[in-house]
Amino acid sequence: MYTINRPPPLSAWEKVGLFFRLAFIAPLQAILNVSRCLCIAAIRGLPLRFYAQCGIARVIHGSFSARQIQYFSPSTSSRYKTWMATRLAHARTTNDKFLLKRLRYDVEGLPDGESSILWIGNRRRATKFVYFLHGGAYVVSLNGGHLEWCLRAYVQAAAAAKDGEDVAVAVLEYTLCPAGQYPVQLSQAAAGLAHLLRSGISPRNLVIGGDSAGGNLTAQLLGHILHPHPDVKAIGLDGPLAGAFAVSPWVSGHTDTRSFVENEYIDMLSPYIVRNSCNYLLEGVEQYAAERSKGHGWAMAVDVDGGWLEGLETVTREVYVTVGGQEVLRDQGITFAETIRTRNPRVSVRLEIMENEAHDWIMLEGMAHWDGDATKRMRAWVSDVFWNQ
Ligand SMILES: *[C@@H]1O[C@H](CO)[C@@H](O)[C@H](O)[C@H]1NC(C)=O
Ligand SMILES: *[C@@H]1O[C@H](CO)[C@@H](O)[C@H](O)[C@H]1NC(C)=O
C-alpha cells in the first residue's frame, strides 16, 4: 500500500501572495499569453476558436503551484456533482428523454478510501463501458469539459446503435500530486479497473483511455497489465479489451522534440509546464530511477526500449491516438502510436495528427458544450470498436 501525504493548507501569508498574483500578475500574463496564442494561430492560418483558452491555460499551469491551483478549484467529485445537477436540470427543462433515462448521480468508492468511480450513464442498462482517466498534469482536477466529452462521445454514441445497446462511462477519481506521486495513481487506476471487471464487465465490452496525464495513466495501466508492477495488484484479463485511446498523451519526460520548439508559444502547455509536472509526479520517487535503469516502462512507456509495449495485442486489438499539429506533445504521441504499431502487427492503430488543433482539443470542445470535430471523431472510433467489428 502507498502513502498519501496531504500537503499543509495554504498559510495566511501564502493566501496573500496568491491573491496578489490573481489580482495583478495573472491578468497581465493572461492578456499577453492570449494575444500571443491568437497571433501565432492567425499567422498560421488556423481557425482561432479555442486558441484564447490555450493562453489562459498556460497562465494557470505556468503561474500557480499545484497547491494554489487546488486551493481555488473544486475537487473531482464536487465537479462531478455540480455537473450532474446542472445536466439533469437542463435535461428536465428540455424534456430530453434520452438523458433523463440515463443520467443520475452514481458514485462507487474504491477500497483505498481515496479514489472512486463516478458514473455517467446508466450502468445497469449499459452493454458497453468506457473507463475514463482524466488529464490535468496530475495536478488539476477533472472539469466539466471532460464530463461533457464523455457524455457526447460515448453515452450518446448509443443513440445511433442497435436497440438495447447502451454505454456507461466510469470516470476514475484519483489522488492528485503532490498528495500522491507515482505509482499512487497507477495503483488507483488498477484498482478501478479490477473493480469494473469484478462487477461482471467483460473486457470485450470495455474501452479504456484518457487525455494528457490521463493518457500517461492509460499507458501506465497498459504497461502494468502486460508486466505487473511489483507494488500494484496484477490484473488478469480473460481476453483483450475492446480498445484503448489516448488523446494528446503525455508519455515522455523529454521536452526537446521538434514539436516543443515549433509550438512552444501557441500551445496550452509549454516546455516549462511539462517539466514542472514531471517533477510533481516523479521527483524524489526513488524506485523510478531504479525501474528505469532496468528498462521497466511503467512510468515511461516511450522512454524505454520499444519492446516494453510488445505483446499489447493480448491486451487490446484497437488503439486510437489523436494529437494536435500545434501542440508540444505532438511528437511523443506519434512515437507512442508508432511504437505500438511496429511492435504489434495485430493491433490496429488509428493515429490522427490534426493540423488545426493544439493540446486536448476534445476537452475544449466539451467545455464549450460543442459537438466539434474532435468529439465526432472520438464517437466514430468508439462506435466502430463497439459495433462495427
Ligand atoms: C505567459 O504566462 C506565463 C505563465 O504561465 C508567464 O511566465 C509568461 O511570462 C507569460 N508570457 C507573456 C508573454 O507574458
Ligand atoms: C508519464 O509522465 C512521466 C513524466 O513526464 C514520464 O516520465 C512518463 O514517460 C509518462 N508515463 C508513461 C507511461 O508514458
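Modeller: Buried means under 20% relative accessible area, exposed over 50%, partly exposed in between (1.4 Å probe, protein chains only). This is a predicted model: local features need pLDDT of at least 70, side-chain atom pairs need pLDDT 80 or more, totals for chains, interfaces and linings use all residues, and side-chain values use heavy atoms without hydrogens or water. Residues count from 1 along each chain as its sequence is written; chains are lettered from A and ligands numbered from 1 in the order written.

Biologist: Which residues of α7 are buried?

Modeller: Helices (H or I, at least four residues) and strands (E, at least two) are DSSP runs, numbered from the N terminus. Of the 15 residues of α7, 12 are buried, so the rest of the structure largely encloses this helix. The buried ones are V184, Q185, L186, S187, Q188, A189, A190, G192, L193, H195, L196 and L197.

Biologist: Where does A137 lie?

Modeller: Most residues other than glycine have a negative phi. A137 is not a glycine, yet its phi is positive, about 60°. With a relative accessible area of 10%, A137 is buried. It lies in the loop between β3 (128-133) and α6 (144-153).

Biologist: What is the relative accessible area of D360?

Modeller: D360 sits in the loop between β8 (348-354) and α13 (361-367). Its phi is positive, about 55°, although D360 is not a glycine. D360 is buried, and its relative accessible area is 3%.

Biologist: Which residues surround ligand 1?

Modeller: A residue is near a molecule if one of its heavy atoms lies within 4 Å of it. Helices α1 (12-43) and α2 (51-63) each supply at least two residues of this shell. The surrounding residues are Q29, L32, N33, R36, R58, V59, G62 and S63.

Biologist: How far is an oxygen atom of ligand 1 from an N or O atom in the side chain of N33?

Modeller: A polar contact to the ligand is a pair of N or O atoms within 3.5 Å. A backbone N or O atom of R58 is 2.8 Å from a ligand 1 oxygen. For the side chain of N33, the distance to an oxygen of ligand 1 is 2.3 Å.

Biologist: How many disulfides does a search of the whole structure find?

Modeller: A disulfide is a pair of cysteine sulfur atoms within 2.5 Å. The search of the whole structure gives 0.

Biologist: Which cysteine sulfur is nearest to that of C37?

Modeller: C37 is buried, at 0% relative accessible area. It is in no disulfide; the nearest cysteine sulfur, 5.6 Å away, is that of C54.

Biologist: What is the relative accessibility of C39?

Modeller: C39 is in no disulfide either, and its nearest cysteine sulfur, that of C37, is 9.5 Å away. C39 counts as partly exposed, at 45%.

Notes
A polar contact is a pair of N or O atoms within 3.5 Å; within protein, one must be able to donate a hydrogen and the other to accept it, and residues adjacent in sequence count only if both atoms are side-chain atoms.
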